[in-house]
Amino acid sequence: MSSDLVAIARVVKPRGIRGEVAADILTDFPDRFDSLEGVTALLPDGGRRELKIKDFRFHQGRILFLFEGVGSIEEAEHLRGAEICVTESETVELEEGEFYDWQLAGCAVETLEGERLGTVKELMRTGGTEILVVEGAKKEFLIPFAETICPEVDVENKLIRVDAPEGLLEF
């Protein structure tokens with residue numbers, strides 16, 4: 001995905017014969033579609049396409065889009081697998097202390113003493129506290145993403161400092 005774009009949906013398949021597409025919702029804020037007019041489609045072949053939303057509706061846990069200029073099942077088929085994106089500046093503003101997964105990915109992780117542990121590879125959702133998957137030089141660390149363990153999160157400078165309890169970072 002382009003670094004300035006954030007995926008909010010992924011086209012699964014064409015739906016019907018008039019160019020409508022069904023997409024999985026990738027945002028925690030589905031009401032954001034109410035005010036959205038244009039999006040960027042990142043196509044599976046690496047291409048980009050600017051699209052204007054003509055209509056949308058929710059159906060069985062997915063979102064159905066009708067885009068201007070896409071009026072047939074054949075045209076809709078070209079969007080299969082595309083990520084529907086907005087720019088970072090168009091993302092929903094979060095509360096202080098909340099972060100998007102893409103903001104955390106790539107952050108350097110170090111202890112409060114300055115010992116470098118590695119880089120955030122992903123944020124694992126477990127149903128409870130999220131887990132930072134940190135890829136180190138010799139080992140992968142699983143660090144709970146809790147304020148007591150990660151007291152300093154600076155996404156602008158791509159740095160997370162951790163105060164790990166004894167035994168968490170055993171090498």
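A pocket here is an open set of points on a 1 Å grid over the protein atoms alone, with protein on both sides within 12 Å along at least five of seven lines, and its lining residues have an atom within 4 Å of a point. The structure is a predicted model, in which local features need pLDDT of at least 70 and side-chain atom pairs count only at pLDDT 80 or more, while totals for chains, interfaces and linings use all residues. Residues are numbered from 1 along each chain as its sequence is written, and side-chain values use heavy atoms, with hydrogens and water left out.

The largest pocket holds about 700 Å³ of space, a volume being the space filled by probe spheres set on grid points that are joined across faces, edges and corners. Of the 29 residues that line this largest pocket, Asp 28, Tyr 100, Asp 101, Trp 102 and Arg 125 are the closest to its centre. Two or more lining residues are given by each of β1 (5-15), β6 (83-87), α2 (101-104) and β8 (116-124), where helices (H or I, at least four residues) and strands (E, at least two) are DSSP runs numbered from the N terminus. Strand β1 provides the largest share of that lining, with four residues. By class, the lining comprises 16 nonpolar, three polar and 10 charged residues; Ala, Val, Leu, Ile, Met, Phe, Trp, Tyr, Cys and Pro count as nonpolar, Asp, Glu, Lys and Arg as charged, and the others, Gly among them, as polar.

Strand β1 also contains Val 6. This residue counts as buried because its relative accessible area is 8%, the term meaning under 20% (1.4 Å probe, protein chains only). Val 6 and Arg 125 lie 119 residues apart along the chain, and their C-alpha atoms are separated by 19 Å.

The second largest pocket contains about 200 Å³ of space. Its lining includes Glu 96, Gly 97 and Phe 99, together with Phe 145, Ala 146 and Glu 147, as well as Cys 150, Pro 151, Glu 152 and Val 153. In this lining, six residues are nonpolar, one is polar and three are charged.

The strands β10-β9-β8-β7-β12-β11, in that order, form an open sheet of six with mixed pairing, two strands being paired if DSSP finds at least two bridges between them. At its edges stand β10 (140-144) and β11 (152-154), each of which pairs on one side only. Within the sheet, β7 (residues 108-111) and β12 (residues 159-162) pair in the parallel sense over four bridges, and Ala 108 has Leu 159 in β12 as its bridge partner.

Terms used: On a 1 Å grid over the protein atoms alone, a cavity is a set of points where a 1.4 Å probe fits but cannot get out, and a pocket is an open set with protein on both sides within 12 Å along at least five of seven lines; lining residues have an atom within 4 Å of a point. Buried means under 20% relative accessible area, exposed over 50%, partly exposed in between (1.4 Å probe, protein chains only).
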